[in-house]
Amino acid sequence: SSSFEGRSLLEHISGRGFRAPVVVVSPHVDIQCYLEAMNLGAADYMEQPLGWSDVEKVKVRFLEPGIGNA
C-alpha cells in the first residue's frame with residue numbers, strides 16, 4: 001500500500017480539528033495516495049510542477065473570501 005509523504009501531517013491536522021484547507025502537492029499522481037489524502041480531509045491534490053495559474057487557482061479557491069468554494 002502506497003502512502004504519501006505528508007500523510008502524518010494531514011492526520012495530525014485533521015485529528016485536532018483544524019479548519020485550514022490543506023492542498024497536497026505531489027511529484028506524480030497516484031490514485032491511492034489521492035484517495036487517502038482526500039479521505040483524510042485534504043482540500044485538493046495537485047501534481048508538480050505547479051505553474052502560476054495553478055497557484056492562482058488555489059488562491060482564488062481557498063484564500064479569497066466570498067470567491068470560489070468559500
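In this predicted model, the side chains of Asp44 and Arg61 meet in a salt bridge, with 3.1 Å from N to O. This pair links distant parts of the chain, since Asp44 belongs to strand β2 and Arg61 to helix α3 (residues 52-63), 17 residues apart. Asp44 is buried, with a relative accessible area of 19%, whereas Arg61 is partly exposed at 31%.

| Salt bridge | N to O distance |
|---|---|
| Asp44 and Arg61 | 3.1 Å |
| Glu11 and Arg7 | 1.9 Å |
| Glu36 and Arg7 | 1.9 Å |

Arg7 pairs with Glu11 and also with Glu36, and these residues, Arg7, Glu11 and Glu36, are linked in a network of salt bridges. Glu11 and Arg7 both lie in helix α1 (residues 7-15), where four residues, about one turn of the helix, separate them. Glu36 is buried, with a relative accessible area of 15%, while Glu11 counts as partly exposed at 34% and Arg7 is partly exposed at 27%.

Helix α2 (residues 31-39) also takes part, together with β1 and β2, in a right-handed β-α-β unit. Strands β1 (residues 23-26) and β2 (residues 44-47) run parallel and are joined by four bridges, and within this pairing Val24 has Tyr45 in β2 as its bridge partner.

How values were computed:
Residues numbered from 1 in each chain as written. Predicted model: local features only at pLDDT ≥ 70, side-chain atom pairs only at ≥ 80, totals over all residues. Heavy atoms only, no water. Pairing = 2+ DSSP bridges. Helix = DSSP H or I, 4+ residues; strand = E, 2+ residues; numbered from the N terminus. Right-handed = clockwise from strand over helix to strand, strands pointing away. Salt bridge = Lys/Arg side-chain N within 4 Å of Asp/Glu carboxyl O. Buried < 20%, exposed > 50% of the residue type's maximum accessible area, 1.4 Å probe, protein only.
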